Structure formats: C-alpha cells, structure tokens
Amino acid sequence: MQITIARAKVNRPKPAPASLGFGRIFTDNMFIMDYTTEKGWYDPRIVPYAPFSLEPAAMVFHYAQEVFEGLKAYRREDGKVQLFRPTANIKRMRDSCERLCIPPVDDAIYLDALKTLVETEIDWVPSAPDTSLYLRPFIIATEPHVGVHASNRYIFAIIASPVGAYYAEGLNPVKIYVEAKDVRAVKGGMGFAKTGGNYAATLKAGETAGQNGFSQVLWLDGVQRKYIEEVGSMNVFFKFGDEVATPALQGSILPGVTRDSCLKILRSWNMTVNERTIDVDELKNCSEAWGSGTAAVISPIGEIVYNGSRIIINEGKIGETTQKLYDYLTGIQWGKIPDPFGWTEPVNS
Ligand SMILES: *Cc1c(COP(=O)(O)O)cnc(C)c1O
C-alpha cells in the first residue's frame, strides 16, 4: 500500500532544545489510516497535524477500546536519524490489538508509516544531547454506537513530539512510593497490553504519590499485594549482591522493549540476571534499583517508601550497574557506539 503525502503548507517554528520537556509539542504532520470491516485498513496518509472529528458516540469514548505504542527516533552525531527496535513495538501492538479485539495493522505498512513520518518530519528530530523525536502510534475505536461490542471502525494514527530529558531534574535517582491499596492490573486482565485503560486505573495513586513528593508509584500484584510488578510507565530492576532481578512477565505487567534490551545487555556482560518473583520485603536488601522505559530510558531509583518505612538505595546515588547500562543503551540509541544487537533501524541515508 502506498502512503500518500499531503503535508502542512506552513511549518511551525522549532522550539529551543531547552524548552522541549516531554510530550507537549507536536510536529507539523501526522500519519493516519482508516479501518472498516468492509475495507480493512485503507488510505494510509501523511496529513497536517490537526484535531480529529469524531461522533460523541464513538466507542473509544465509552468503552476505552484503544491501544498505543511509544518509541523514539534518535539523531546521531553524523546527522543521520535512526529508530530503536521499531519491529518490537510493532509486534507488541499486535499483541495489544489481539487482547482488545482490534484488527492488527500489517507489519510492513506500520514500519513504512513510522519511517515515512520521521522522514517527513526529519527537521523536527532534535540534535541537542539527550533529545529525540518521540513517536506515539495509537488505534482508537470510532464506530458511533452506545452498545458494548468490538467496533467495526477504527483510526490508526502516529503523532510525533520532539522531547528533551524525561525528568526535569536529569539523571538523578527518583523517589517512589509502593501502592498497597489500589492495583493496576491482574493476570487475565489487560496488564500486558499497552492500552489507556491500564493508565486510567493508576491516576489516583499517582496523584496521591505526587502530592507527597514521589515521582512514581511502584505497583504490587493484585492478588497477594506483596510481589513487585512495575513502576508507573516503566519496568523495574533490582540488584541483590551479584544478581540482577526483574519481575517475570506473567500477564499483568507490560513487556517493555527497554526491559528486554536491559536483559540482553546484562546477559551479554555475563551478569547473573533473573526474571522471577520479587517479594516487596526483599527490597531492603537491594543495592541498586532502576526503572526502564522508552521515555526515560533508565531511571535510577534512590528511595522507596513502603508501609510507612523508607528504604534508601545506594545512599540515594545512581549505582554502578545502572550508570553503565544507561551509558551503553543510550550509546547505542544515539549511535555513539556500535550496535552489536542489530537494534537500530536507519531512517534516512
Ligand atoms: C510502555 C510501558 C512500559 C515500558 O515499555 P518500553 O517498551 O520499554 O517503553 C512499562 N510499563 C508500562 C505500563 C508501559 O505502558
């Protein structure tokens, strides 16, 4: 399928790198494709970034039939732009679609859409240190029907946002709060799918944590409320002695691309790495902790508060493995060091 390009006539000024922040500024154009049961996915196109016109009865507004993704395009020092593991995001969206009864997008068209959008917006890929172009693909159910069933119409869109560092404070260890009452997801639910509904369930605990000076919530399992799941929009890793451990994928946590990249890198360094059950009571023994996710890449954790008790990790400083992993992974992403895993995908030549 050929992507038609009808780009914006006027290009908006590019923001100064220092003012980027995360996810508030969008580029001039976006990618869109439509779906109906009769036609399947059709009319892939680049069009100016603009509001959608949807019926108030569009099913996404009522039943949250929606999936999304998040990945970045990075500008190398030689000026070329590359995507990081886009096929992993494409595969994950397929799994999310399956869970939410959304018809999947063809893998080849999806990759073409990502590359074509980034090529169209190439001047929007920033070059200052730690900046990138964040891509947000998503699918929403648009059939106008107040009635519970899978929609027969959808929009697949990709928008792009130039971003600076995720945390305004920089790579400083964050404080996280272990939520003991609310749960994010349970096995059999949608925890493994990247869908807005999972986030709606987390807003309340996130607000309370924010009001108390924490930047993220650490979620426990929904049944026993004692096993670690993940942190906000990140997976989580702990170092115990010589072992690095992260919660196993058991259906209730999101299978992060950054998580998988951390595991592969750590194993390539011959470190002892386990995907296993981690009891919240083990955290007092950890010597390092970090979150992993596309937005922040690696986010060191300096303090965890659980049931009123405070655990300070590595004196609140970034740990050695955390720093090494951050340097190596971001080195590959920004093309500063060789990519032995074949994870980067060039966009322009
Ligand atoms: C997207 C996401 C992650 C991180 O996944 P990456 O592919 O590494 O960006 C972790 N947890 C949740 C809930 C997420 O939505």
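Which residue has a side-chain N or O atom 2.6 Å from an oxygen atom of the ligand? In this predicted model, that residue is Thr294.

## Ligand contacts

Arg92 places a polar side-chain atom 2.8 Å from an oxygen atom of the ligand. Val257 uses its backbone instead: an N or O atom there lies 2.7 Å from a ligand oxygen. Taken alone, the ligand exposes 380 Å². The protein buries 97% of that area.

## Pocket and shell

Where does the ligand sit? The largest pocket holds the ligand. Around the ligand are 15 residues. Those that come nearest are Lys194, Tyr199, Glu230, Thr258 and Thr294.

How does the shell divide by residue class? Polar residues number 7. Nonpolar residues number 4, and charged residues also number 4.

## Salt bridges

Side chains of opposite charge can pair when their charged atoms come close. How many salt bridges does a search of the whole structure find? The count is 19.

Arg45 belongs to strand E3, residues 40-48, while Asp34 belongs to strand E2, residues 29-36. The pair therefore ties together parts that are 11 residues apart in sequence.

Terms used: Residues numbered from 1 in each chain as written. Predicted model: local features only at pLDDT ≥ 70, side-chain atom pairs only at ≥ 80, totals over all residues. Heavy atoms only, no water. Near = heavy atom within 4 Å. Polar contact = N/O pair within 3.5 Å; in protein donor to acceptor, adjacent residues only side chain to side chain. Areas by Shrake-Rupley, 256 points an atom, 1.4 Å probe, with all protein chains shown as cover. 1 Å grid on protein atoms, 1.4 Å probe; cavity = no way out; pocket = protein on both sides within 12 Å on 5 of 7 lines; lining within 4 Å. Sits in = over half its atoms within 2 Å of the grid points. Nonpolar A, V, L, I, M, F, W, Y, C, P; charged D, E, K, R; others polar. Salt bridge = Lys/Arg side-chain N within 4 Å of Asp/Glu carboxyl O. Helix = DSSP H or I, 4+ residues; strand = E, 2+ residues; numbered from the N terminus.
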